[in-house]
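Hi everyone, thanks for coming. Today I'd like to talk about charged side chains and who pairs with whom. Let's bring the model up.

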Amino acid sequence: MSARSLPTPVELFASHNDGDHLNVPTGGLIYRAGDPVACVYALQRGMVELSAAGNAGKLRYGPGEIFSYEDLAGSRHVHSHDACALTPVAVVRLPRGRFVELILRHPTIVLALLERQHSRLREQRLAARHYY
């Protein structure tokens, strides 16, 4: 089976029975910093920006990406950023426990997340090269 025939993480989220399909208008908040981490989100359409008060850094996510899983790995169990829709967005919200089950059934999700995280780090390193 080729990698092309595997479902994407967003497709796996969207097909899950416990996934909530949400539409959020431009400027709408998906969650706030400090809210309990109860779900992981898969972005089907639009752009989402994660930002934290007092922190100049912002992360942007586009179609096909999963976000808020970073907060699952921490010990705080609350979101570290606000998630705001930069455009009208369609997201699939999957409860934390179902996300873990999905990983166990489809470990390729972890590979996709690692690949994207590696790409983000590479982009940051290249963008900051002029500071060295």
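Let's start with a question: does D18 count as buried, partly exposed or exposed? D18 counts as partly exposed, at 30% relative accessibility, where buried means under 20% relative accessible area, exposed means over 50%, and partly exposed is in between, with a 1.4 Å probe and protein chains only.

A quick word on the source: this is a predicted model, where local features need pLDDT of at least 70, side-chain atom pairs count only at pLDDT 80 or more, and totals for chains, interfaces and linings use all residues. Residues are numbered from 1 along each chain as its sequence is written, and side-chain values use heavy atoms, leaving out hydrogens and water.

Now, the partner of D18. R98 forms a salt bridge with D18 (a side-chain nitrogen of Lys or Arg within 4 Å of a carboxyl oxygen of Asp or Glu), and their closest N and O atoms are 2.3 Å apart. R98 sits in helix 3 (residues 96-105) and D18 in the loop between helix 1 (9-15) and strand 1 (20-24), so the pair ties together parts 80 residues apart in sequence. Helices (H or I, at least four residues) and strands (E, at least two) are DSSP runs, numbered from the N terminus. R98 is also partly exposed, at 32%.

Next, look at E49, which is buried at 9% relative accessibility. K58 forms a salt bridge with E49, at 3.9 Å between the closest N and O atoms. E49 also meets R60 in a salt bridge, 2.8 Å from N to O. E49 lies in strand 4 (residues 48-51) and R60 in strand 5 (residues 58-61), so this pair links parts 11 residues apart in sequence.

How many salt bridges are there by this rule? The count comes to five.
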